[in-house]
Amino acid sequence: MDPVISIRPLLAVAVPGLAALMILLLNNREKLRDLVSPLAAIVLFALVASMAPTVLSGGTVDLRLFEILPGVEFAFRADALGMVFATISSLLWIVAAIYSIGYMRHLKEHAQTRFFACFATSLAAAVGGAFAANLFTLVVFYEVLSLVTYPLVYHHEDEEGWKGAHKYLVYLMGTSKSVLLAALALTYSIAGSLDFVEGGLLAGANASAALLTVVYFCYLFGFAKAAVMPMHAWLPAAMVAPTPVSALLHAVAVVKMGVFCLLRVVFHVFGIKLVGELGLGIATAYLVSFTILMASIYALTRDDLKARLAYSTVSQLSYIVLGAVLLSPVAMVGGIVHMAAHAFSKITLFFCAGSIYCASGKRNISDMAGIGRRLPWTMGAFFIASLSMIGIPPTAGFISKWYLTMGSVEAGQISFLAVLLVSSILNAAYFLPVSYAAFFGTEAEESPATVREIPMVTIPLVATAILSVLMGIFPGYFLTLADGVVK
């Protein structure tokens with residue numbers, strides 16, 4: 001099918017970018033300013049959805065703007081893999097925008113205009129990365145995302161915030177300015193292009209196995225947003241940010257950009273055949289399996305709820321990479337679908353953490369005994385999202401984990417099946433006690449009036465919990481897109 005030439009991918013990037021500008025201009029008109037993000041999010045989602053029929057039918061929506069170097073263009077392409085990321089980002093921005101308004105107003109946070117402007121710009125970068133037609137365009141938006149989320153991480157402007165933001169920037173910009181830049185230069189030298197190609201840009205390239213292996217691992221560690229150990233420390237450090245930012249970092253944009261970039265490298269830069277021939281798939285699978293298990297163990301030891309969720313994210317991201325590098329069609333589908341399953345569930349969990357903090361000021365799990373009786377909607381949503389993270393039907397996490405486990409059997413890699421099963425047990429060990437203590441623990445003496453649901457915070461988290469279940473019951477959209485990637 002010939003590509004459809006359209007300005008819509010560019011408009012999808014422009015909408016949140018223009019929203020950020022309007023937010024800045026409306027600095028002194030708070031009510032109008034706060035309306036901009038939800039309205040822009042709806043428009044963005046509509047633009048992304050308008051491209052879905054073409055992509056679901058096997059086509060692409062293309063737009064080439066200008067040439068940077070011979071074989072290197074600034075260009076957009078909406079394909080199956082990009083549509084997965086763009087759908088997640090645009091849909092969840094709607095609920096995140098509403099949640100952020102409620103959270104920031106309730107806590108009377110400072111610098112709200114800067115916050116919402118940077119938040120909107122980060123969505124522009126995420127969607128730009130999703131629709132990038134080549135490595136150059138992808139890395140441009142990858143870097144923009146690092147820069148515009150930096151002020152969000154240091155939002156509180158205290159010592160802890162500056163330290164967390166410093167580590168965040170050092171890890172993300174340090175790797176991109178060294179090993180990632182080297183990977184781009186070597187790829188261009190070998191292939192004469194940076195375009196994404198079905199079957200792999202480097203497939204059949206005239207280069208030694210050793211050189212290609214070096215390039216591959218430069219990408220693996222250069223895209224540090226994927227948080228593959230040891231490039232993960234920035235992620236827990238970024239927990240100093242306000243909870244809506246944590247939700248953005250861990251579900252909507254930043255970490256998903258990282259794993260999305262690695263999927264692009266596996267599928268469209270190297271290609272499945274070349275990754276298998278070089279033995280890179282099995283090597284990466286062992287590396288990310290270590291990340292899955294160790295991050296889960298770290299999560300078990302954390303009493304701070306956001307820190308526990310952060311280490312859970314490190315673990316869950318590596319499920320996505322594991323699915324891709326097992327090189328089994330079923331496992332690859334599972335990895336791609338897990339991008340969406342994790343996004344819907346993890347944003348719910350972070351929303352719940354923020355709701356608990358808004359209502360009670362509590363951060364530590366050990367202080368949350370009995371809080372479920374005060375915040376039944378919040379902790380009910382937390383429980384549902386926890387079931388999805390564990391992989392219990394009928395939630396979204398069950399669908400992706402089913403494909404991952406079946407894919408590991410299809411690939412004949414029983415050791416990785418064991419990793420997935422042990423990891424799910426660890427998921428249960430660090431999630432379920434939170435819900436149990438919240439509903440059945442002995443509550444500390446506290447005035448009933450001081451802890452109650454906050455509607456503008458609670459409604460979005462209930463909505464995302466419902467999305468986690470709906471995706472588990474109706475997974476067809478994301479399964480079709482994933483099939484389109486691995487066909």
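The structure shown here is a predicted model, in which local features need pLDDT of at least 70 and side-chain atom pairs count only at pLDDT 80 or more, while totals for chains, interfaces and linings use all residues. Residues are numbered from 1 along each chain as its sequence is written, and side-chain values use heavy atoms, with hydrogens and water left out.

Helix α3 (residues 80-106) packs against helix α18 (residues 455-473) at an angle of about 155 degrees, with the two axes 7 Å apart, where helices are DSSP runs of H or I with at least four residues, numbered from the N terminus. The pair α3 and α18 is therefore roughly antiparallel. On the α3 side the contact (heavy atoms within 4.5 Å) includes L91, L92 and V95, and on the α18 side it includes M456, V457 and P460. Twelve of the residues in this contact of α3 with α18 are nonpolar, two are polar and none is charged; in this count Ala, Val, Leu, Ile, Met, Phe, Trp, Tyr, Cys and Pro are nonpolar, Asp, Glu, Lys and Arg are charged, and the others, Gly among them, are polar.

By contrast, helix α2 (residues 30-56) and helix α4 (residues 112-130) pack at about 10 degrees, with their axes 10 Å apart, which makes α2 roughly parallel to α4. Here R33, D34, S37 and L44 of α2 meet Q112, T113, F116 and V127 of α4.

The largest nonpolar core has 181 residues, and among the members that touch the most others are W93, F131 and Y219; such a core is a set of buried Ala, Val, Leu, Ile, Met, Phe, Trp, Tyr and Cys residues joined through side-chain atoms within 4.5 Å. Helix α14 (residues 329-360) gives the largest share of this core, 19 residues. Leaving out residues up to four places away in sequence, W93 touches P16, A19, S37, A40, A41, L44, F119, A120 and L123.

Helix α6 (residues 159-191) holds T187, which is buried with a relative accessible area of 0%, where buried means under 20%, exposed over 50% and partly exposed in between, for a 1.4 Å probe and protein chains only. L169 also lies in helix α6, but at 23% relative accessibility L169 counts as partly exposed.

Most residues other than glycine have a negative phi, and most peptide bonds are trans. In the loop between α7 and α8, A227 has a positive phi near 60 degrees, and A227 is buried at 0% relative accessibility. The peptide bond from M229 to P230 is cis, with omega near 15 degrees, and the bond from P393 to P394 is cis as well, with omega near 5 degrees.

Methods. Helices (H or I, at least four residues) and strands (E, at least two) are DSSP runs, numbered from the N terminus. Axes are lines fitted to C-alpha atoms, for helices over the stretch in contact, and angles run from 0 to 180 degrees between N-to-C directions. Angles under 35 degrees count as roughly parallel, over 145 as roughly antiparallel, 65 to 115 as roughly perpendicular and the rest as oblique.
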